[in-house]
Amino acid sequence: MHLLASRGYIVAAPDIPIDKNPAADIVAAVDAAVDALIEQGYADPQRLAGMGHSYGGYSVMSVITRSHRFKAAISRAGGATLVNQYLHFDDGKSSRLAYVETGQGSMPCTLWEDPARYIEHSPVFAL
C-alpha cells in the first residue's frame, strides 16, 4: 500500500462489517467507500482497482464477481470457494470447520444444512 501511495494512488482500507451475508456485506461496504472517495474527488471511477490478502483476497474476489466498477484486482491467498474450505482436510480431520461456520467465513450452518448458502457466498460460483 505504501508503494502505491508513494506513486500518487489513493489507497483505501474500508471497514467492512459482516452481518449475515458476507459477500453482499463486503460489496455494499466497498461500494459505499468507493462512492465517498469519488464524491469527494479523490478517486477516478474509471481507474479503480482492488487488492487483498487472505480474507481480503476473498473480499476482492467477492467484489469483482459482483461489481463491474474495478478495472484490475489482485487477490493473494484468498479462498474462492467456501465449499472447498469446508471440505479441506488435514491429517484426517477438517481444519477449517470453525473458520467457515463461526469464524470469518460467517456461515452459521454446516455445508450439509444449507449448501446453497455456501455456493451463494463463494466468489467462484458468481464468476
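Buried residues account for 34% of the 127 residues in the protein chain. The model is a predicted one. The accessible surface of the chain is about 8000 Å². Carbon and sulfur atoms hold 55% of that surface.

**Overall architecture**

The chain has seven helices and four strands. Along the sequence they run α-α-β-α-β-α-β-β-α-α-α. The C-alpha atoms fill a box of roughly 50 × 25 × 25 Å along the principal axes. Take the contacts between residues at least 6 apart in sequence: 49% of them join residues at least 24 apart.

Charge comes next. There are 10 positive and 13 negative side chains. The centres of these two sets lie 8 Å apart.

How many of the ten residues of helix 3 are buried? Eight are, and the helix, residues 55–64, is mostly covered. The buried residues are Tyr 55, Gly 57, Tyr 58, Ser 59, Val 60, Met 61, Ser 62 and Val 63.

Which elements do the buried residues of helix 3 pack against? Among the helices, they meet helix 2 (22–39), helix 4 (82–87), helix 5 (97–101) and helix 7. Among the strands, they meet strand 1 (49–53) and strand 2.

**His 121**

His 121 sits in the loop between helix 6 (115–120) and helix 7 (123–126). Is His 121 buried or exposed? His 121 has a relative accessibility of 1%, so the residue counts as buried; the cut-off for that class is under 20%.

The contacts of His 121 come from several places in the sequence. Leaving out residues up to four places away, His 121 touches Asn 21, Pro 22, Ala 23, Tyr 58, Arg 66, Leu 82 and Met 107. One of these, Tyr 58, is also among the buried residues of helix 3.

**Salt bridges at Arg 69**

A search of the whole structure finds two salt bridges. In one, Asp 31 pairs with Arg 69, with the closest N and O atoms 3.2 Å apart. This pair links distant parts of the chain: Asp 31 is in helix 2, Arg 69 is in the loop between helix 3 and strand 2, and 38 residues separate them.

In the other, the side chains of Asp 35 and Arg 69 meet at 2.7 Å, N to O. Asp 35 lies in helix 2 and Arg 69 in the loop between helix 3 and strand 2, so this pair ties together parts 34 residues apart in sequence. Shared partners join Asp 31, Asp 35 and Arg 69 into one network.

An α-helix has 3.6 residues a turn, so residues three or four places apart point the same way.

How accessible are the partners? Arg 69 is partly exposed, at 22% relative accessibility. Asp 35 is partly exposed too, with a relative accessible area of 40%.

Pro 45 lies in the loop between helix 2 and strand 1. Leaving aside neighbours within four places in sequence, Pro 45 is in contact with Ile 38 and Arg 69. Arg 69 is the residue that also bonds to Asp 31 in a salt bridge.

**Val 124 in helix 7**

Val 124 is found in helix 7. Not counting residues up to four places away in sequence, Val 124 touches Ala 80 and Thr 81. Val 124 and Ala 80 are 44 residues apart in sequence, yet their C-alpha atoms are 5.3 Å apart.

**A nonpolar patch**

Which residues make the nonpolar surface patch? They are Met 1, Leu 4, Tyr 9, Val 11, Met 51 and Ile 74, and the patch covers about 570 Å². Ile 74 belongs to strand 2, residues 72–76.

**Partly exposed residues**

The table sets out residues of this class.

| Residue | Relative accessibility |
|---|---|
| Ile 74 | 49% |
| Asp 35 | 40% |
| Val 124 | 40% |
| Pro 45 | 38% |
| Arg 69 | 22% |

Notes: Residues numbered from 1 in each chain as written. Predicted model: local features only at pLDDT ≥ 70, side-chain atom pairs only at ≥ 80, totals over all residues. Heavy atoms only, no water. Helix = DSSP H or I, 4+ residues; strand = E, 2+ residues; numbered from the N terminus. Buried < 20%, exposed > 50% of the residue type's maximum accessible area, 1.4 Å probe, protein only. Contact = heavy atoms within 4.5 Å. Areas by Shrake-Rupley, 256 points an atom, 1.4 Å probe, with all protein chains shown as cover. Lys, Arg positive; Asp, Glu negative; His and termini not counted. Charge placed at Lys NZ, Arg CZ, Asp CG, Glu CD. Patch = residues over 30% accessible without salt bridge, like charges linked within 9 Å, V, L, I, M, F, W, Y side chains within 5 Å. Salt bridge = Lys/Arg side-chain N within 4 Å of Asp/Glu carboxyl O.
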